[in-house]
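Q: Please take a close look at the charged side chains that pair up in this model, and then at the aromatic rings. I would like one connected account that gives the cut-offs behind each term.

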Amino acid sequence: GYQRPVELATVRLKNMVEVLTKWDKYVTTTTPLFIAQRGATFLFDERGDVLYEYKHRGVLTYSETMPRPLSFLAPYIGEDVARN
């Protein structure tokens with residue numbers, strides 16, 4: 001649904017506070033080139049290879065098809081389940 005500007009700003013502020021307060025978990029000294037992707041969805045196989053990847057530039061979307069956010073899983077879990 002639609003969010004008013006204040007609601008949207010609140011969601012973004014909460015996200016920023018979480019990232020900043022947990023910075024050491026997101027960016028470790030042992031892997032300084034790695035930062036956890038927020039606002040994204042990844043699906044990996046048993047070997048760790050990426051089967052599906054979606055990265056959103058914002059913080060409120062995690063699927064390319066938000067009206068049916070699990071539809072990308074249809075090849076892996078079946079159409080009926082993916083229709084949520």
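**Salt bridges and ring pairs**

A: Arg47 counts as exposed, because its relative accessibility is 66%, where exposed means over 50% relative accessible area, buried under 20% and partly exposed in between, with a 1.4 Å probe and protein chains only. The model is predicted, so local features need pLDDT of at least 70 and side-chain atom pairs count only at pLDDT 80 or more, whereas totals for chains, interfaces and linings use all residues. Residues are numbered from 1 along each chain as its sequence is written, and side-chain values use heavy atoms, with hydrogens and water left out.

Side chains of opposite charge can pair when their charged atoms come close. Three salt bridges are present in the structure, each being a side-chain nitrogen of Lys or Arg within 4 Å of a carboxyl oxygen of Asp or Glu. Arg47 makes one of these with Asp45, where the closest N and O atoms are 3.5 Å apart, and another with Asp49, where the closest N and O atoms are 2.9 Å apart.

Phe42 and Phe44 form a stacked pair, 6.1 Å from centre to centre with 15 degrees between the planes; Phe42 is partly exposed at 32% relative accessibility, and Phe44 is partly exposed at 47%. Tyr52 and Phe72 are also stacked, because their ring centres are 4.0 Å apart and their planes lie at 15 degrees. Since Tyr52 belongs to strand 2 (residues 50-55) and Phe72 to the loop between strand 2 and helix 3 (74-77), this pair ties together parts that are 20 residues apart in sequence; helices (H or I, at least four residues) and strands (E, at least two) are DSSP runs numbered from the N terminus. Tyr52 is buried at 15% relative accessibility, and Phe72 is buried with a relative accessible area of 16%.

Terms used:
Phe/Tyr/Trp six-rings, centres within 6.5 Å; stacked < 30°, edge-to-face > 60°.
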